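The stops below are given in the order in which to select them.

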Amino acid sequence: MSKRLNRKYGISRRIGAALWGTDKDPYNKRNYPPGVHGTSGYKKATEYGTQLIAKQKLKMYYGDIREKQFKAIYIEASRRRGDTGENLIGLLESRLDAFVYRTKFVPTVFASRQFITHKHVRVNGKVVNIPSYRLQPNDVVEVNDKSKKLLIVLEAKERGERDTPEYIKIDNSNLQATYLKVPTLAEVPFPVQMEPSLVVEFYSR
């Protein structure tokens, strides 16, 4: 966990975008790849490279999900009715760690994952410590009473860098939120352009 936290901002420079839209993301000042030869800039990607970047961007945005787990989510999305790309976004947004991040109870998706594993969150009144837990519409997520005074929670409430999407109903006074529905791609407030259709092409090769 700590290893991922330490390198999260390096992810943006490798991808070539301020992935989480934060002001302190180093990509805003050093918009070139990390490493000795990074100042030469980003090379033009091949068709395969473009698809790979789209996959990596989406996978890393949700907390650098392990490849095996991410591919399993894609496979489930492809088996469902409808557009596979839209299904993929819906499944990712239904994850508990993504939801807690969206509520702004914590500052980052990485912090959300750690917050959940430390048993600071309840779903429908029961403690859930699995970040990949899948929410269903009308599920209610809340911060445990003893956890509401944690510094990470208090600081997150003061930050205004992100908007809460309309598919989440927030009760900020009680640190409680309801997952109203599975969102479409257009409804998700990504700070950078996400292209799930290219992810589908990548895995369909």
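**Stop 1: a salt-bridge pair**

Glu 76 has 26% relative accessibility, so it counts as partly exposed (buried is under 20% relative accessible area, exposed over 50%, partly exposed in between, with a 1.4 Å probe and protein chains only). This is a predicted model, in which local features need pLDDT of at least 70 and side-chain atom pairs count only at pLDDT 80 or more, while totals for chains, interfaces and linings use all residues. Residues are numbered from 1 along each chain as its sequence is written, and side-chain values use heavy atoms, with hydrogens and water left out.

Next select Arg 134, the salt-bridge partner of Glu 76; their closest N and O atoms are 2.7 Å apart. A salt bridge here is a side-chain nitrogen of Lys or Arg within 4 Å of a carboxyl oxygen of Asp or Glu. The two residues lie 58 residues apart, with Glu 76 in helix H4 (residues 67-79) and Arg 134 in the loop between strand E2 (126-127) and strand E3 (139-143). Helices (H or I, at least four residues) and strands (E, at least two) are DSSP runs numbered from the N terminus. Arg 134 is partly exposed because its relative accessibility is 30%.

**Stop 2**

The structure holds 10 salt bridges. One of them joins Arg 102 and Glu 93 at 2.8 Å, N to O. Arg 102 is buried at 4% relative accessible area, and Glu 93 is buried at 1%. Then select Glu 187 and Lys 181, whose side chains meet at 2.7 Å, N to O, in a salt bridge. Glu 187 is partly exposed at 33%, and Lys 181 is partly exposed at 35%.

**Stop 3: Ser 94**

Move to the loop between helix H5 (84-93) and helix H6 (96-102), where Ser 94 is found. Is Ser 94 buried or exposed? Its relative accessibility is 4%, so Ser 94 counts as buried. The side chain of Ser 94 reaches the backbone oxygen of Gly 90 at 2.7 Å. Beyond four places in sequence, Ser 94 has contacts (heavy atoms within 4.5 Å) that include Tyr 133, Arg 134 and Tyr 179.

**Stop 4: the nonpolar core**

Select Leu 58, Tyr 62, Leu 88, Leu 96 and Val 100, the residues with the most contacts inside the largest nonpolar core, which has 48 residues. Such a core is a set of buried Ala, Val, Leu, Ile, Met, Phe, Trp, Tyr and Cys residues joined through side-chain atoms within 4.5 Å. Leaving aside neighbours within four places in sequence, Leu 96 is in contact with residues including Ile 116, Val 123, Tyr 133 and Val 141.

**Stop 5**

Show the strands: 5 of them form an open, antiparallel sheet in the order E2-E1-E3-E5-E4. The edge strands, each pairing on one side only, are E2 and strand E4 (168-171). Two strands pair if DSSP finds at least two bridges between them; 3 bridges join strand E1 (residues 121-123) to E3. Val 123 stands opposite Val 141 in E3.

Finish on Glu 142, also found in strand E3. Glu 142 counts as buried because its relative accessibility is 15%. Its side chain makes a polar contact with the side chain of Gln 176 at 3.4 Å. A polar contact is a pair of N or O atoms within 3.5 Å; within protein, one must be able to donate a hydrogen and the other to accept it, and residues adjacent in sequence count only if both atoms are side-chain atoms.
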